[in-house]
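This briefing presents selected residues of a predicted model. The points are grouped by residue and by topic.

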Amino acid sequence: MKLHLNTESTITCNSCGHSETENMPLDACVYLYECTSCKNLMTPQSGDCCIFCSRGTHPCPTSQRDSRSYRVIPKQEQPALEPSNYETNRSLAG
């Protein structure tokens, strides 16, 4: 079973509405974020650990792991080649 963490999140400024997609650190929370458009310094809302959890399209990886909100990627089965097909294809090739 593989687990998928969202590592990108789009942050929307609460002052000007500008959106910017950012890569999230895997092992830390980002407490302060400066809007690239209006230079507003944003902080998390009460109860959130970081700016991605408050203003982002995805919560930070730490919160994703803690809440188990990340997707489970199902194991993809590879269809087995039947021996009769293999032998037929092999005899045609040679």
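Asn 23 counts as exposed, because its relative accessibility is 58% and the exposed class begins over 50%. Ser 54, by contrast, is buried, with a relative accessible area of 14%, a value that falls under the 20% limit for that class. The model also contains a largest nonpolar core of 10 residues.

**Asn 23**
- Strand S3, which covers residues 19-23, includes Asn 23.
- Apart from neighbours within four places in sequence, the residues in contact with Asn 23 are Thr 7, Glu 8 and Phe 52.
- Between Asn 23 and Asn 6, the C-alpha to C-alpha separation is 9.3 Å, while the two are 17 residues apart in sequence.

**Ser 54**
- Helix H1 spans residues 51-55 and includes Ser 54.
- When residues up to four places away in sequence are not counted, Ser 54 touches Pro 44, Gln 45 and Asp 48.
- A polar atom of the Ser 54 side chain lies 2.7 Å from the backbone nitrogen of Gln 45.

**Nonpolar core and Cys 35**
- The members of the largest nonpolar core are Ile 11, Cys 13, Met 24, Tyr 33, Cys 35, Met 42, Cys 50, Ile 51, Phe 52 and Cys 60.
- Phe 52, one of these core residues, is also in contact with Asn 23.
- Cys 35 is in contact with Cys 13, Cys 16, His 18, Asn 40 and Met 42, leaving aside neighbours within four places in sequence.
- Among these partners of Cys 35, Cys 13 and Met 42 belong to the largest nonpolar core.

Notes. Residues are numbered from 1 along each chain as its sequence is written. This is a predicted model: local features need pLDDT of at least 70, side-chain atom pairs count only at pLDDT 80 or more; totals for chains, interfaces and linings use all residues. Side-chain values use heavy atoms; hydrogens and water are left out. Helices (H or I, at least four residues) and strands (E, at least two) are DSSP runs, numbered from the N terminus. Buried means under 20% relative accessible area, exposed over 50%, partly exposed in between (1.4 Å probe, protein chains only). Contact means heavy atoms within 4.5 Å. A polar contact is a pair of N or O atoms within 3.5 Å; within protein, one must be able to donate a hydrogen and the other to accept it, and residues adjacent in sequence count only if both atoms are side-chain atoms. A nonpolar core is a set of buried Ala, Val, Leu, Ile, Met, Phe, Trp, Tyr and Cys residues joined through side-chain atoms within 4.5 Å.
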